[in-house]
Amino acid sequence: MTEHLPSVSSSQQRVVDYGSTTTRAVSRAYPSPDPAQRTASFVFVNESPFYARMSHNSVHGDSQSEPLQRLEFFLNVLNQMCIGFITIYISYLTLRTGLAGTGLHAWLVTIGFSFFMAEGVMVHYGGNVLTNSYKRSTKTTIHWILMILGGGCGAAGALIKMIQNGFLLKSTHGILGLTAFILCLLAMSSGLAALCSMRVKKLITPLLNKAFHNFLGVACFVVALVTQYYGYQTGYFTNRAEADLQVLMKCLTLISLLLSSFGPLKSLYIRVKTISKQL
């Protein structure tokens with residue numbers, strides 16, 4: 001006599017996870033002297049909250065973002081190479097000719113704006129290979145240290161040249177340098193206000209305060225690197241570097257300007273968008 005078993009359709013099958021264990025009382029059918037014994041807990045995967053949260057779309061979205069993340073990391077590495085080359089070469093050039101007058105000015109503004117400030121504005125950027133693994137509080141501390149060093153060196157270098165020229169700035173390089181100096185002081189002042197944003201929230205909201213500081217910081221950095229670009233056309237640099245090297249330094253400075261500004265501009269856009277929604 002043959003026994004006919006009922007067929008099980010695919011829609012009625014239930015996937016069981018045998019890997020989970022929980023601490024609970026043993027079944028009444030098989031009592032155990034130790035009620036806290038660890039026993040297997042069978043959890044149906046299709047009923048698990050974690051399984052419900054995981055969808056094919058989310059996994060597919062993560063796989064699509066991987067190429068973009070790799071591109072951001074690659075561009076950041078390229079930017080670090082540009083920053084390093086500019087800083088090392090200008091330091092070599094100025095140290096070789098002597099840190100006095102224009103040489104000291106060129107070295108301070110390069111160290112301040114092209115190195116410290118460039119690294120400082122990228123600290124919170126998610127694509128930064130140097131600070132991506134740090135906590136937000138650590139990133140904030142690093143940001144303040146780099147911006148203080150960058151603003152101090154850059155402002156001092158610009159002030160040296162302005163005193164040397166008697167504040168008679170007629171060239172494009174000189175006018176942009178004066179603008180960068182003023183924006184640097186304003187950005188550092190707004191940064192102090194952003195640090196104490198909770199204390200001054202009666203006058204200005206923390207979000208608006210940080211957005212204003214973000215804007216001043218980006219403006220100062222952009223003007224400073226454009227000033228550096230025109231600095232390669234001055235007599236101090238043209239008399240000490242070949243024409244091909246002048247073109248290379250200009251290109252590297254523009255590349256560093258664009259890649260370093262991407263993260264701060266993205267952050268500024270998000271904050272402005274948030275502020276517009278609150279209005």
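How much of residues 73–92 is helix, and how far apart are the end C-alpha atoms? I found 100% helix and 0% strand, with the end C-alpha atoms 28 Å apart. Helices here are DSSP runs of H or I with at least four residues, strands are E runs of at least two, and both are numbered from the N terminus.

A note on my source: this is a predicted model, where local features need pLDDT of at least 70, side-chain atom pairs count only at pLDDT 80 or more, and totals for chains, interfaces and linings use all residues. Residues are numbered from 1 along each chain as its sequence is written, and side-chain values use heavy atoms, leaving out hydrogens and water.

Next I checked residues 207–227: this span is also 100% helix and 0% strand, and its end C-alpha atoms lie 30 Å apart.

Then I turned to a helix pair. Helix α3 (residues 102–121) and helix α4 (residues 136–164) have axes that come within 7 Å and cross at roughly 155 degrees. Axes are lines fitted to C-alpha atoms over the stretch in contact, with angles from 0 to 180 degrees between N-to-C directions. So α3 is roughly antiparallel to α4 (the word is for angles over 145 degrees).

My last pair was helix α6 (residues 206–231) and helix α8 (residues 243–278), which pack at about 165 degrees with their axes 9 Å apart. That makes α6 roughly antiparallel to α8.

How values were computed:
Angles under 35 degrees count as roughly parallel, over 145 as roughly antiparallel, 65 to 115 as roughly perpendicular and the rest as oblique.
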